[in-house]
Amino acid sequence: MRFDVITLFPDMLSSIMGYGVIGRALDAGHIQLVTWNPRDYATDRHRVVDDRPYGGGPGMVMKVEPLRAAIQAAREAAAPAPVVYLSPEGETLDNTGSQRLAELERVILLCGRYEGVDERLIDLAVDQRLSIGDYVVSGGELPAMVVIDAVARLLPGVLGHADSAADDAFAQGLLDWPHFTRPEVIEGRAVPPVLLSGDHEAVRRWRLREALGRTWLKRPDLLAQRGLTDEEQALLDGYRAEHKD
Ligand code: 9WO
């Protein structure tokens, strides 16, 4: 999968390109990451990409022309792809949305700065807005990196089989189960014995039970959306019996 990022700060994207899952995915060719700087498409002598807002007020607004030229250059560089503007106004990314993006061959991510982009650029060149949550950060680059990480880990081969994203509790619509590693006991707190048993089926059931129970406690809305199998209902009933206050 190819990610094209329209950004005034291409070096920010480097911060994910050399590390962890994304770094390995780039090295293995599972993903490509290409940046396009609108400043390179500003035609005036000072390479201006922003200007004062009509109607007055603080800050600056990103101009249409450099953004549109950068997007057009990105479009022409490879296969057709949707242009996604990272913005709090967008649909909030969830695992379903990540899985939908992971089915694409390519996506062009537009990162805003200043007070935002001229609305006419959105009308002319943006296919969808995408939010990573109900808060505002200083630019679209960090949200873009979150999207790239969340989508890339769903791609075949990016996570080793042992870490397959499909096995993620969240991929199953649940919160995560608790994790433990050595030492077996620390400050009097022992690892749950089932995890030392070598009984993989018992471990699977225990983890599913914990994920169901934690979801019930902290995000019951996710359970309501999801529905439960008979096994899951039985496991959750057992958890709730142990945790009723
Ligand atoms: C800023 C803003 C403030 C209040 C309500 C809505 C808002 N939208 C934006 C906006 O799109 N700002 C531009 C992009 C310019 C400033 C930096 N930008 C940005 C995007 N800040 N935060 C995001 C973002 C993107 C995706 N998910 C969460 C936040």
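The structure is a predicted model, in which local features need pLDDT of at least 70 and side-chain atom pairs count only at pLDDT 80 or more, while totals for chains, interfaces and linings use all residues. Residues are numbered from 1 along each chain as its sequence is written, and side-chain values use heavy atoms, with hydrogens and water left out.

The domain assignment divides the protein into domain 1 (2-152) and domain 2 (169-242); such bounds come from an automatic or database domain assignment. Between the C-alpha centres of domain 1 and domain 2 the distance is 37 Å.

The ligand is surrounded by 20 residues, of which the closest are E89, Y114, I132, Y135 and V137; a residue is near a molecule or strand if one of its heavy atoms lies within 4 Å of it. Strands β5 (83-92) and β7 (128-131) each contribute at least two residues to this shell, and β5 gives the most, with five residues. From the side chain of Y85, a polar atom lies 3.5 Å from a ligand oxygen atom, whereas a polar side-chain atom of E89 lies 3.2 Å from a ligand nitrogen atom. In I132 the backbone takes this part, with an N or O atom 2.9 Å from a nitrogen atom of the ligand. On its own the ligand has 580 Å² of accessible area, and the protein covers 79% of it. Accessible areas come from the Shrake-Rupley method with a 1.4 Å probe; for residues, only the protein chains shown count as cover.

Attention now turns to D4, a residue of strand β1 (residues 2-6). D4 has a relative accessible area of 0% and is therefore buried, since buried means under 20% relative accessible area, exposed over 50%, and partly exposed in between (1.4 Å probe, protein chains only). The D4 side chain makes a polar contact with the side chain of W36 (2.8 Å) and a polar contact with the side chain of R106 (2.8 Å). A polar contact is a pair of N or O atoms within 3.5 Å; within protein, one must be able to donate a hydrogen and the other to accept it, and residues adjacent in sequence count only if both atoms are side-chain atoms. When neighbours within four places in sequence are left aside, D4 is in contact (heavy atoms within 4.5 Å) with V34, W36, A74, R106, V107, I108 and L109.

Salt bridges form the next topic. Side chains of opposite charge can pair when their charged atoms come close. Here a salt bridge is a side-chain nitrogen of Lys or Arg within 4 Å of a carboxyl oxygen of Asp or Glu, and by this rule the count is 15. One of them joins R204 and E231 at 2.6 Å, N to O. This pair links distant parts of the chain, 27 residues apart, with R204 in helix α7 (residues 200-218) and E231 in helix α9 (residues 230-243). R204 is partly exposed because its relative accessibility is 35%, and E231 is partly exposed because its value is 28%. The two also belong to a network of salt bridges that links E201, R204, R205 and E231.

E232 forms a salt bridge with R226, with the closest N and O atoms 2.9 Å apart. At a relative accessible area of 7%, E232 is buried, while R226, at 28%, is partly exposed. A further salt bridge brings E91 and R100 together at 3.9 Å, N to O; E91 is partly exposed at 49% relative accessibility, and R100 is partly exposed at 48%.

The peptide bond from R182 to P183 is cis, with omega near 5°, and P183 is placed in the loop between α6 (141-152) and β8 (185-186). R47, a residue other than glycine, has a positive phi near 50°. R47 lies in the loop between β2 (32-36) and β3 (50-51) and is partly exposed, with a relative accessible area of 37%. For E187, phi is likewise positive and near 50° in a residue other than glycine. E187 occupies the loop between β8 and β9 (189-190) and is exposed, with a relative accessible area of 77%.

Definitions and conventions. Helices (H or I, at least four residues) and strands (E, at least two) are DSSP runs, numbered from the N terminus.
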